[in-house]
Amino acid sequence: MDQFFDGIHVRLRSRVRGTYLSADEDGVGVSVSRRRASLNAAWQVHLVQRGDMHFVLLRSAAYGRYLADSPEMAPSGHRGRRAVQRDFDEPELDAVMWRPIAVITVDDVDDDDEAEEAQADADVVLRHGNNRYLRANGRHRRWHNGVTVDDNDGVRTTMMLWTVEEIPPRFTTPALPPPTMPRTEPLRTIRYVRANNQGNFNQLGWATLQFYGTSVYLLMLRLVYHLDIRNEGNALGIVLCVRAGNYARLTPLVTDLPRCEEPMDIVILATGSYAAAQLRHPNVDEP
């Protein structure tokens, strides 16, 4: 737990493959990718306590959904059940709860100072439930990039080892990607609500619109029009945040939407509001 502080962003790098745990662009799948400087490889830590137990939840910095175990078996060539992105929509949702366990891989530790340093640099395994562990795949078949949750009869393997890299924050809001016109992009329902300066909003105040495509810039323009706030300046006067479930924290939406037809909940903040100032953006370009 020492490497996971509430609110920070991290990358998880597979010790064996050297690739990063990443949220797939379909908004559901999870895989390992070589794209280190990507929001898809950034996860924000959300700590939860249940009784005497402390759990780590990992929320995608790209789409706001949580790393979760799935009851669905992994495809051929992968071991265990699929790891997925899903909404945090129940307060006791076991699927998104993880327990990190440090695994020191240094062979020769002779004194207390070296032991302390080794502990700080330890890899982790992420345990889910009773002896199930998050694992990369493709040790020999490198094209198998899916991430799964495998019990392996309680035996931990090196494919379950992850190196935690903290991502420093950036102190400016990243620029939105340029608009793209939809071609064969999905039609989805957007539920939206406008929050006050503190980030609070009326739970009965949600409105909906139908939106084609994945362009976050075009979505922002649509919402500016629907909320009739054109007199407040340009579209950058608001910040869009994803709320992936009733118990999810807000995630600023600064990359294009996932390529799926699932509805999205968007909470709208004013750029200069206190709530917007509390949002944390990972500096994924930092070496």
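Start by selecting Y66, F88 and Y247: ring pairs join these residues into a cluster. Keep in mind as you look around that this is a predicted model.

The structure holds three aromatic pairs, and one of them is formed by F88 and Y247, a tilted pair with 6.1 Å from centre to centre and 50° between the planes. Now colour the chain by residue number and see where the partners come from. F88 belongs to the loop between β7 (81-86) and β8 (99-103), while Y247 belongs to the loop between β16 (238-242) and β17 (251-252).

Is F88 buried or exposed? F88 counts as buried because its relative accessibility is 4%. Y247 has 41% relative accessibility, so Y247 counts as partly exposed.

Your next stop is F201 with W206. Their ring centres lie 5.5 Å apart and their planes meet at 80°, which is over the 60 degrees cut-off, so this pair is edge-to-face. Both F201 and W206 are buried.

What sits over the ring of W206? The charged end of R191 does, at 4.3 Å from the ring centre. W206 therefore has two neighbours to show you: F201, its edge-to-face partner, and R191 over its ring.

For the last stop, select R50 and F55. Here R50 lies over the face of F55, 5.7 Å from the centre of the ring.

Technical notes
Residues numbered from 1 in each chain as written. Predicted model: local features only at pLDDT ≥ 70, side-chain atom pairs only at ≥ 80, totals over all residues. Heavy atoms only, no water. Phe/Tyr/Trp six-rings, centres within 6.5 Å; stacked < 30°, edge-to-face > 60°. Helix = DSSP H or I, 4+ residues; strand = E, 2+ residues; numbered from the N terminus. Buried < 20%, exposed > 50% of the residue type's maximum accessible area, 1.4 Å probe, protein only. Lys NZ or Arg CZ within 6 Å of the ring centre and 35° of its normal.
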